[in-house]
Amino acid sequence: MAFVEALLVLCLASATLAYLADEEYLVNVDMEEEFDKDWLCYSACLVEKSTDSYAGLYSAKVTARISVILHVQLKRISSMNICAAIGHPGFGDQPGQCGVYKFTSFRETRISLVLCHRARSVLVAVAFAKTDRATLGNFHFISRVNTYSSVRQNVVLPSPGGTFYYNVRLKILNEMVEEFPMGHTLELTVSYVSGVENTRLLIAQVPRVRVSDGWVQVGADFRLPDGDHAGIEYLLDSVSLKKFNTTDDSVAEQNARIDKIRKGDLEMLIITPDGTDHNQVTIELEQVKHAFPFGIAVEGNRLWNDDEAVNTEYRNYVFDNFNWVTLANILKWRIMESQEEAPRFWGQHKALDVLTQRGIPVRGHCVSWGKLSKIMGWLLEKDPIGVKEAVTRRIEYLVREFNSTTIKHWDVNNENLHGSWFEEATLNDQFIQAMFTEMHDLQPDVKLFTNDYDAMSLSLYTSAYRSAAMKLRMNGVPIGGIGLQSHMSVYPDPDLLQKRLDVMAEAGLPLWITELDIRDADVNVRAQGYEDALRLFFSHPAVEGIVIWGFWDQGISQPDASLVDGPDFVENAAGQKVRYLLQNEWHTTLSHVPEKAVETFIERAFYGTYNLTLNYNGDVIWNGSIEHSPDLSRKFILTVDKSAPVDQIFRMSS
C-alpha cells in the first residue's frame, strides 16, 4: 500500500474530496456532517460554504491569501507539488515539462500537489465521484494567517507511480482593469523533489483571463504566481487528480484507428464476357497521392531559383514525398513589408506558381505575429488607429495578391497565446477576432487558423489553447481550425500526446499539426521519434493534416531535426523512416487476378488518388485515374472487352 498525505487548502463547504486514479479514492463522503473526522484545519483556517458553483450544489468564495496542497507519500516516487496561480500576462517564461507528468523515481519519497494563490476573494469547489455516487464540496477561507493555511487529510493508495492528470475550473470575479488591462494569467506548475533537491517547472498557463470568460477549465495543476494581484477574486470548481495507465499495445490501437479512419472499402466489379479468359485479366492499382495532407515547410526561393545546384534535389524531395507545403518565411509580414507600404510579391508569386503547377496546396504563414520581437519598427511607432489601418491594408493586399486556388489556409495571428502586442497597441482585446472576421469577409473560401506552441510538445498551454479556440467559436468568429506547433525537443511520448490531442479536440475544430520536428542528435532515436509521433497524429480522428517543419540540415534552424543532410543531400535514417511510412506502410498498391468471370472485388485502401490499369493477356485495355474518398460511396465497374467503347470498359456507379 502507498500512503498519501493530503494537505488541501481549498474553500470547500459541505461535500466530498477524493483522490482519483485508475481506481477512485474517496474519503469522508459527507464532509458537512463528518468534517472533524477526516479533515484537520492546518495553520489557522476558517471555512464557510457558498452556493455559487460550476457543477451545481456548492462552491466556496476565498477572500484570504490561500494555497492548496495535496501531499502524496508514495514508495518509488519523488516528492511533487502541483500549484496553480493567477498572475498578469507575461509573468514567467520558464519552460515546463507537461501537465500530465510521469514519475519514475525508485526512492521512497513524497509526492505533493499544490494549489497556491494570493487572491482576497476566491470561490473554490471540488467535485469527485465514487462508483454510482457523485458529490460536490467546498470550503470558504475567510480568515487565514499564512498562504499555506489549509486542511489536511490522509489517503491510502494501493500502488505507487504512474501518470497523473489534474483538472480544475476557475472563474475570475473581478478584474482590476486599470492595473491589469489585458486580464490575468492562470499558471500551473509542478514541483518535484528528488532526495533533497527541489525542482519546480511551469507546466500550464491561461493568459488574459477575464470575468467574461466565466468558468475556465485548466488541465494539470495550478498556482497564483508572486505578484501584487491580491485584489483579484475568482471561483474554482470541479477539481480532480486522475492517474491513468499507459497501454502496451498502443501501436496496435493506433494502427486499428488508422485502418478505420484513413482507409475505406474500394469496390470493383470485374466483368469478363464470354470468350474471354478471366485468368488473363489483371487489375493493377497504384496510389499516387494521399487524400490526407502530409506537408512540409520549405524555403520558398529554392522552389524556383537554380543558382544552387542543390535546389533541384531540394524541390524534388518536396514533390516526391509531400502533398502540402507551408512557405516557412516569405509570407510573414516583417519579411514582405520591412518598409512601410512597400510590400514585395515577386518571389512569393514565383514560389506559388511552381506549387500551383504541381497542384500542391499551401498553408499561408502568417498574416501577423503578435510577439513584440516580430513587429516591424515602423509599425511600433503607430497609434491605435494607425495599427488598425496597417492591419487592414495588410489583409487587403494578401487577399488581392494571393487567391484561394493555391493558398487554402492562413494562420491569422501567429502564437497569440504568447504575444498580445496587437491587442495592447489597439487597446482592444477583441482585435484578433476582428482580424478573423475581416479576412473571412474578403476571402470566405480560405480556412483561417490559430497557430501556437507548448500545447502539444508540452502541456503548458494545452488548456489555455483549447479555451481560446472555444471562445472564438462561441463568439461566432470564422475560425476554420487549430494549428498545433509540435517542436519536440524531448522524445515524444504517445500517451501524453494522445491526452493533449483529446483535450484540444474538445474545442470541436479540425486539428492540424503545423510545425512538427523531432530534435535529437542521435539520428536513429530521431527516426523512431518521427515514427511514434506521426503514427499517433495520423491515428487521431481530430487531426486533419500534418506538416513537418523543414527537412534539410543546411536549410533549417534545428539541424538535429533533419531528414536530409549535407551538401550532397543524403537522406538520413529519420528521412528514410518518414519516407517508408508515407510511401509504403500508409500506401496502397495491389495487383489482382479475378477468380471468376463476374467478380466483385473489395480492397481496404487508403483514401486518395489512384492509377488504375486493366490488362488482358499483357495488353492494356484501360488506364486512368480514380479518386477513393470517404465522401463518395461508389463502385468501379470494369468490363474486359477490347472492342468496347472506353465509357463501356470503365464505369462508376453510386
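Author: Let us begin with a pair of helices. The crossing of α7 and α9 is right-handed. The residues that make this contact are Lys388, Val391, Thr392, Ile395, Glu396, Leu398 and Val399 of α7, together with Phe431, Met435, Glu438, Met439 and Leu442 of α9. By class, they divide into eight nonpolar, one polar and three charged. Please bear in mind throughout that this is a predicted model.

Reader: At what angle do helix α7 and helix α9 pack, and how far apart are their axes?

Author: Helix α7 covers residues 384-401 and helix α9 covers residues 431-442; the angle is about 30 degrees, and the axes are 10 Å apart. Because angles under 35 degrees count as roughly parallel, α7 is roughly parallel to α9.

Reader: Which residues make the contact of α12 and α13?

Author: Helix α12 (residues 523-539) packs against helix α13 (residues 573-585) at an angle of about 30 degrees, with the axes 7 Å apart. The two helices are therefore roughly parallel, and α12 passes α13 in a right-handed crossing. On the α12 side, the contact is made by Val523, Asn524, Arg526, Ala527, Tyr530, Glu531, Leu534 and Arg535; on the α13 side, by Ala573, Ala574, Lys577, Val578, Leu581 and Glu585. In this contact, eight residues are nonpolar, one is polar and five are charged.

Reader: How many helices and strands does the protein have, and what share of its residues count as buried?

Author: There are 14 helices and 36 strands. The protein has 654 residues, of which 58% count as buried. As for contacts with a separation of 6 or more, 81% are between residues 24 or more positions apart.

Reader: Which residues have the most contacts inside the largest nonpolar core?

Author: They are Leu327, Leu516 and Phe537, in a core of 125 residues. Setting aside residues up to four places away in sequence, Leu516 touches Ser486, Met488, Tyr530, Ala533, Leu534, Phe537, Ile546, Val547, Ile548 and Trp549.

Reader: Is Asn414 buried or exposed?

Author: Asn414 has a relative accessible area of 0%, so this residue is buried. Asn414 belongs to strand β24, residues 407-414. Beyond its neighbours within four places in sequence, Asn414 is in contact with His365, Cys366, Ser368, Trp369, Gly370, Asn451 and Gln485. Distance in sequence and distance in space should be read separately: Asn414 and Phe449 are 35 residues apart in sequence and 9.0 Å apart in space, C-alpha to C-alpha.

Reader: What kind of peptide bond joins His365 and Cys366?

Author: The general idea comes first. Most peptide bonds are trans, and most residues other than glycine have a negative phi. His365 and Cys366 are joined by a cis peptide bond, with omega about 0 degrees. Cys366 lies in strand β23, residues 362-369.

Reader: Where is Leu427 found, and what is its phi?

Author: Leu427 is in the loop between α8 (421-426) and α9. Its phi is near 55 degrees, a positive value in a residue other than glycine. With a relative accessible area of 74%, Leu427 is exposed.

Reader: Does Asp454 count as buried or exposed?

Author: The cut-off for buried is under 20% relative accessible area. Asp454, at 13%, therefore counts as buried. Asp454 is placed in the loop between β25 (447-452) and α10 (462-474). The phi of Asp454 is near 65 degrees, again a positive value in a residue other than glycine.

Conventions
Residues numbered from 1 in each chain as written. Predicted model: local features only at pLDDT ≥ 70, side-chain atom pairs only at ≥ 80, totals over all residues. Heavy atoms only, no water. Helix = DSSP H or I, 4+ residues; strand = E, 2+ residues; numbered from the N terminus. Buried < 20%, exposed > 50% of the residue type's maximum accessible area, 1.4 Å probe, protein only. Contact = heavy atoms within 4.5 Å. Core = buried A, V, L, I, M, F, W, Y, C linked by side-chain atoms within 4.5 Å. Axes fitted to C-alpha atoms, helices over the stretch in contact; angles between N-to-C directions. Parallel < 35°, antiparallel > 145°, perpendicular 65-115°, else oblique. Left-handed = near helix turned anticlockwise from the far one by under 90°. Nonpolar A, V, L, I, M, F, W, Y, C, P; charged D, E, K, R; others polar.
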